[in-house]
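Student: I have a structure open and some questions about it. Can we go through them one by one?

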Amino acid sequence: MMDKRKHRNYLDSQLFFSCTSCHCHLLDQTSIMSRNFQGRNGPAYLVNKVINITVGTREERMLLTGIHTVADIICTQCHVKIGWKYLRALEEPQKYKEGKYIVEKSRVSKEFSWD
Ligand SMILES: [Zn+2]
């Protein structure tokens with residue numbers, strides 16, 4: 001069956017973050033592991049779960065903390081780039097980031113749900 005609701009997936013949470021462009025639900029506040037990361041365009045969150053995204057092509061990228069294999073993540077609904085996913089970190093101290101996501105703070109807005 002087709003989902004007739006406006007957004008593909010919904011977070012069952014009272015405090016979450018949605019895409020700034022299309023308001024698609026992206027992540028639950030409790031998924032945020034760190035608020036002190038650096039994205040491409042400024043401050044970013046390190047997050048362990050993001051929904052309604054498409055993972056792009058994997059590539060090697062030189063980041064502040066060394067070389068990582070990453071893939072951009074794109075909002076499934078409006079195709080805006082919201083950050084990237086860490087696929088592989090070369091250096092041992094960075095390994096905890098594998099499988100996690102960087103979400104640019106400028107791409108998401110905090111929302112409250114009262115129902
Ligand atoms: Zn969007």
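Student: Is Ser31 buried or exposed?
Tutor: Ser31 is buried, because its relative accessible area is 8% and buried means under 20%. Keep in mind that this is a predicted model.

Student: Where is Ser31 found?
Tutor: Ser31 sits in the loop between S2 and S3.

Student: And what is Ser31 in contact with, leaving aside its neighbours within four places in sequence?
Tutor: With those neighbours left out, Ser31 contacts Leu46, Val47, Asn48 and Lys49.

Student: Which strand is Gln38 in?
Tutor: Gln38 belongs to strand S3, which covers residues 32–38.

Student: What does Gln38 touch, again leaving aside neighbours within four places in sequence?
Tutor: Gln38 is in contact with Pro43, Ala44, Leu64 and Trp84, once neighbours within four places in sequence are set aside. As for Leu63, its C-alpha atom is 9.5 Å from that of Gln38, and these two residues are 25 apart along the chain.

Student: New topic. How many salt bridges does the structure hold?
Tutor: There are 5 salt bridges in the structure.

Student: Which residues are linked in a network of salt bridges?
Tutor: The network links Arg40, Glu59, Arg61, Asp72 and Lys81.

Student: Why do side chains pair like that at all?
Tutor: Side chains of opposite charge can pair when their charged atoms come close.

Student: Take Arg61 and Asp72. How far apart are their closest N and O atoms?
Tutor: They are 3.1 Å apart, and the two residues form a salt bridge. This pair links distant parts of the chain, with Arg61 in strand S5 (residues 53–63) and Asp72 in strand S6 (residues 66–75), 11 residues apart.

Student: What else is there in this network?
Tutor: The side chains of Arg61 and Glu59 also meet in a salt bridge, at 3.4 Å from N to O. Asp72 has a salt bridge with Lys81, where the closest N and O atoms are 3.4 Å apart.

Student: Arg61 is charged. Is Arg61 buried or exposed?
Tutor: Arg61 counts as buried because its relative accessibility is 10%. Asp72 also counts as buried, at 11%. Glu59, at 34%, counts as partly exposed, and so does Lys81, at 36%.

Student: You mentioned S6. How many residues of S6 are buried?
Tutor: 8 of its 10 residues are buried, so S6 is largely enclosed by the rest of the structure.

Student: What about S5 and S6, in which sense do they pair?
Tutor: S5 and S6 pair in the antiparallel sense, over 9 bridges. They form a hairpin with 2 residues between them. Within this pairing, Ile53 stands opposite Cys75 in S6.

Student: And S6 with S7?
Tutor: S6 and strand S7 (residues 81–89) run antiparallel and are joined by 7 bridges. Here Thr69 stands opposite Arg88 in S7. S6 and S7 also form a hairpin, with 5 residues between them, and His79 in the turn has a positive phi of about 65 degrees.

Student: Switching to the metal. What are the protein donors of the zinc ion?
Tutor: The donors are the SG atoms of Cys19, Cys22, Cys75 and Cys78, lying 2.3 Å from the zinc ion. In sequence, the donor residues are spaced C-x2-C-x52-C-x2-C.

Student: What geometry does the site of the zinc ion have?
Tutor: The site is tetrahedral, with angles of 103 to 118 degrees among its 4 donor atoms.

Student: Are Cys19 and Cys22 buried or exposed?
Tutor: Cys19 counts as buried because its relative accessibility is 1%. Cys22 counts as buried too, at 12%.

Student: Last one. In what order do the strands of the open sheet with S1 come?
Tutor: The order is S2-S1-S9, three strands with antiparallel pairing. The edge strands are S2 (25–28) and S9 (108–112), and each pairs on one side only. Neighbouring strands of this sheet are turned by 35 degrees against each other on average, direction ignored.

Student: How many bridges join S1 to S9?
Tutor: 5 bridges join strand S1 (residues 15–19) to S9. In that pairing, Phe17 stands opposite Lys110 in S9.

Conventions
Residues numbered from 1 in each chain as written. Predicted model: local features only at pLDDT ≥ 70, side-chain atom pairs only at ≥ 80, totals over all residues. Heavy atoms only, no water. Helix = DSSP H or I, 4+ residues; strand = E, 2+ residues; numbered from the N terminus. Contact = heavy atoms within 4.5 Å. Salt bridge = Lys/Arg side-chain N within 4 Å of Asp/Glu carboxyl O. Buried < 20%, exposed > 50% of the residue type's maximum accessible area, 1.4 Å probe, protein only. Donors = N, O, S within 2.8 Å, 3.2 Å for Na, K, Ca; no water. Tetrahedral: all angles 85-135°; square planar, octahedral: opposite > 155°, others 65-115°. Pairing = 2+ DSSP bridges. Axes fitted to C-alpha atoms, helices over the stretch in contact; angles between N-to-C directions.
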